[in-house]
Amino acid sequence: MSDYGALSLLPTTLVVGLALWSRRTIESLLAGSILGLLIIAPDAPLTLMSELALEVMVNETVAWIILVCGLMGSLIALFLRTGAVQAFTQTVVERAASRKASLMVTWVLGLALFVDDYLNSITVGTAMRQVTDRFRVSREMLAYVVDSTAAPVSVIIPISTWAVFFGALLVDNGVAMPGEGVKTYIQAIPYMFYAWFAVALVPLVISGVIPVLGPMRSAEQRAGKGLTIPPGAERIEASNLAIAPTDNARGQARHFTVPLVLLAAATWWFDYDFLAGIFLTLAVYLPWVVLSRRLNVEETTEAMLNGFKSMIPPLAVLVCAFLLNAVNQRLGLTEFVISAIGPHVSAGMLPVVVFLSMGLLSFATGSNWGVFVIVLPIVVSLTESLGADMTLMIGATLSASTFGSHACFYTDATVLTAQACGTTPYQHAITQLPFALCAATAAALAYLLLG
């Protein structure tokens, strides 16, 4: 990795600018990646593109995401084909008799599915689309509520994939003793201000205490006229509707809830390995579907393949985001930003500076876990050299990762939530951004005061 200085900012700046102008995610990511390739290897950009593309596709994290998202798509397709989602939806409708109630049920479901943010985004969005449509709630508002209970909830409840991953990193960086990573993580939970504020903001928005802001206001006005699906998202909605119940579907709500409980329990049993949890859930659910004659073997296989296929568009965005991240790593974007800021801060200012700078990095790169891996050693060194509070700094760093996951228009949480709720990643991100910025502002003030 060479030092490209301020040039490392150009690809991400182009991505954000193009996305705001064109409202196209994949094309913007590819344009930024190509610009980065031209900066790094102007004489052989295609050779480097080939090298980085292969590097991304054999990356263990990318393979994990493809398998997890694809198999979740297969599981959701089985729920749809057997009529389980429709039965669950009908049960919810009987209890949610108003617009506010439907959104509050969505929020509560998101709180309940805290084991993993992917499970949360895909499942709750799929289950609640039809419910909120009945009350003329825009898909953008649904996506905001779902996304605000995905990563933010998984961060502050320590029995989740986030806690296990970040707990291990704390041990690797000498912040926690071996075997005490999650314990150290738990001590920092009270200081993960962005996650707390993001979750708490949702019921205030639903109840009208905080008015809808900016593009979300326009989306809600459109939905009030019966147009809940945003313009330009018709292809996504068609993909979601392509998997319909069979003519003789006899789904029951328990056919939806029992597998989800099993998935959460299996993920916990396998030390928060979400992929192993999905495999076990499918191993139990597939025979149940066939033996109970919900679907025959051919219909079951077809549903699984169609479900996996329905996840290809969001996975394409994620692969392009990882390609951009690989380019940014070659350019040294993270190191440039941190090194430019580090020498100019005091112990008191360090929490808010780390939260804001790392939040911007996570937002710009679309990589929340990846940025944390790179930045944590730098943050630990700065904290020790300046004498700042380590627990507060862990909270600030994790809050920044959460903000990036929540606000960026091409990060995994945004893309998957948009797909499940039936909107485009850009439409979801741009309508959610004012609320994310409100939570980020409150968090920054909290870090400033405590620092």
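I looked up E140 and R222 in this predicted model and found both residues buried. Their side chains form a salt bridge, N to O at 2.9 Å. E140 belongs to helix α8 (residues 139-147) and R222 to helix α13, so this pair ties together parts that are 82 residues apart in sequence.

I then checked E220, which pairs with R99 in a salt bridge with the closest N and O atoms 2.0 Å apart. E220 sits in helix α13 (residues 214-224) and R99 in helix α6 (residues 99-112), so the separation bridged is 121 residues in sequence. I noted E220 as buried at 13% relative accessibility, while R99 is partly exposed at 27%.

Next I ran the search over the whole structure, and it returned six salt bridges. One of them joins E51 to R330, at 2.7 Å between the closest N and O atoms. Helix α3 (residues 45-57) holds E51 and helix α18 (residues 312-331) holds R330, so the pair ties parts 279 residues apart in sequence. E51 is partly exposed at 40% relative accessibility, and R330 is partly exposed at 26%. I also recorded a salt-bridge network that links E51, E55 and R330.

For T383 I found a place in helix α21 (residues 368-386). T383 is buried at 1% relative accessible area. Beyond four places in sequence, its contacts are L350, A388, D389, M390 and M393.

Last, I looked at the surface and noted a nonpolar patch of W268, W269, F270, L280 and V284, about 540 Å² of accessible area together. Helices α15 (254-269) and α16 (274-291) each give two or more residues to this patch. F270 lies in the loop between α15 and α16 and is partly exposed at 35% relative accessibility.

Key: Residues are numbered from 1 along each chain as its sequence is written. This is a predicted model: local features need pLDDT of at least 70, side-chain atom pairs count only at pLDDT 80 or more; totals for chains, interfaces and linings use all residues. Side-chain values use heavy atoms; hydrogens and water are left out. Patches are made of residues with over 30% relative accessible area and no salt bridge: like charges are joined within 9 Å, nonpolar side chains (Val, Leu, Ile, Met, Phe, Trp, Tyr) within 5 Å. Accessible areas come from the Shrake-Rupley method with a 1.4 Å probe; for residues, only the protein chains shown count as cover. A salt bridge is a side-chain nitrogen of Lys or Arg within 4 Å of a carboxyl oxygen of Asp or Glu. Helices (H or I, at least four residues) and strands (E, at least two) are DSSP runs, numbered from the N terminus. Buried means under 20% relative accessible area, exposed over 50%, partly exposed in between (1.4 Å probe, protein chains only). Contact means heavy atoms within 4.5 Å.
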